[in-house]
Amino acid sequence: MGISVMASDIIMQLLFIFTLIFMFLWTLNIPQNLFNNFRYRDRSIYAAKRHFVLGADLLSRSRSTGDRNLAKSAAEHADKSIAINPNDAAVHILKALALDLQGFTTSALEALEAALSPLTAKSLSDGERSDALCKRAEIKMKVGGGGGGGVEAAVVDLVEAVRLNGGNAAALRLLGECYEKKGMSEEALKVYVELLKAEPRSAFGQVAVKRLRSG
């Protein structure tokens, strides 16, 4: 009985101390500030996602209509989302695609560099990283004008893209084309065979394999 009373006294003392501590923190506005910070963070996350969704919709409409003003608006929404959450790789990719659609290849490449940086790439799945690397390789070739430097840089990205996703048909096709430009016919043939495994009905892959085998 005595032990029970003693335990009750200790619990009451602890509750009293915690109440005093909470009242002291309340006078410093610490609980209110914590609540406001969580509420602001939630609103920020929602705003960032909203800009991303709007930008993605505008990009889709720009592709289907050919209206570059829509692509410009998509890039603007991407910038707004990045300002809120700069560590979301998907938004940087959206910006890159919108800039590329407008013909701003160098700026698009910079956006993809940001998306694939160690800090932001963590938010991408292997398949998404593979697609982003493929797109970066494509843009590197545009920036390099199809020259040797652009092809070499593209091959590095494409090899990694295929490693991450062996069924990435776009990466396989572009890698085969790069190997052909480098005069590496055997490597190109192997890649095109893999392309046909990923896409058996690929007319490009069928023609490429037949051409290289007969050549």
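This is a predicted model: local features need pLDDT of at least 70, side-chain atom pairs count only at pLDDT 80 or more; totals for chains, interfaces and linings use all residues.
**The chain as a whole**

- The protein chain has 215 residues, and buried residues make up 33% of them.

**Helix α4 and its two ends**

- Helix α4 covers residues 89-102, and its 14 residues should span 20 Å at 1.5 Å a residue, which agrees with the 20 Å that separates its end C-alpha atoms.
- Because 10 of its 14 residues are buried, α4 is largely enclosed by the rest of the structure.
- The buried residues of α4 are A89, V91, H92, I93, L94, A96, A98, L99, D100 and Q102, a list that includes the charged residue D100.
- At the N-terminal end, α4 is capped by D88, a side-chain oxygen of which lies 3.2 Å from the backbone nitrogen of A90.

- The side chain of H92 reaches the backbone oxygen of P86 at 2.9 Å.
- Not counting residues up to four places away in sequence, H92 touches I82, P86, A111, A114, A115 and T120.
- S107 lies in helix α5, which covers residues 105-115, and at 33% relative accessibility S107 counts as partly exposed.
- Although S107 and A96 are 11 residues apart in sequence, their C-alpha atoms are 7.3 Å apart in space.

**How α4 meets α7**

- The axes of helix α4 and helix α7, the latter made of residues 126-143, come within 12 Å and cross at roughly 30 degrees, and α4 passes α7 in a left-handed crossing.
- The residues of this contact divide into 4 nonpolar, no polar and 4 charged.
- On the α4 side the residues that meet the partner helix are I93, L97 and D100, while on the α7 side they are A132, K135, E138, I139 and K142.

- S130 lies in helix α7, and at 0% relative accessibility S130 counts as buried.
- Leaving aside neighbours within four places in sequence, S130 is in contact with A161, L164, N165 and N168.
- S130 and G166 are 36 residues apart along the chain, and their C-alpha atoms are separated by 9.2 Å.
- D157 has its place in helix α8, which covers residues 148-164, and at 4% relative accessibility D157 counts as buried.
- The side chains of D157 and R136 are joined by a polar contact of 2.8 Å.
- Once neighbours within four places in sequence are left aside, the residues in contact with D157 are L133, R136, A137 and K140.

**Helix α9**

- Helix α9, residues 169-181, has 13 residues and reaches 18 Å from its first C-alpha to its last, close to the 18 Å expected at 1.5 Å a residue.
- The residues buried in α9 are A169, A171, L172, L174, L175, G176, C178 and Y179.
- At the start of α9, a side-chain oxygen of N168 reaches to within 3.3 Å of the backbone nitrogen of A170, and N168 is also one of the residues in contact with S130.
- Just after α9, G183 takes a positive phi of about 80 degrees.

Technical notes:
Residues are numbered from 1 along each chain as its sequence is written. Side-chain values use heavy atoms; hydrogens and water are left out. Axes are lines fitted to C-alpha atoms, for helices over the stretch in contact, and angles run from 0 to 180 degrees between N-to-C directions. Helices (H or I, at least four residues) and strands (E, at least two) are DSSP runs, numbered from the N terminus. A crossing is left-handed if the near helix is turned anticlockwise from the far one by less than a right angle, and right-handed if clockwise. Contact means heavy atoms within 4.5 Å. The expected span of a helix is 1.5 Å times one less than its number of residues. Buried means under 20% relative accessible area, exposed over 50%, partly exposed in between (1.4 Å probe, protein chains only). A polar contact is a pair of N or O atoms within 3.5 Å; within protein, one must be able to donate a hydrogen and the other to accept it, and residues adjacent in sequence count only if both atoms are side-chain atoms.
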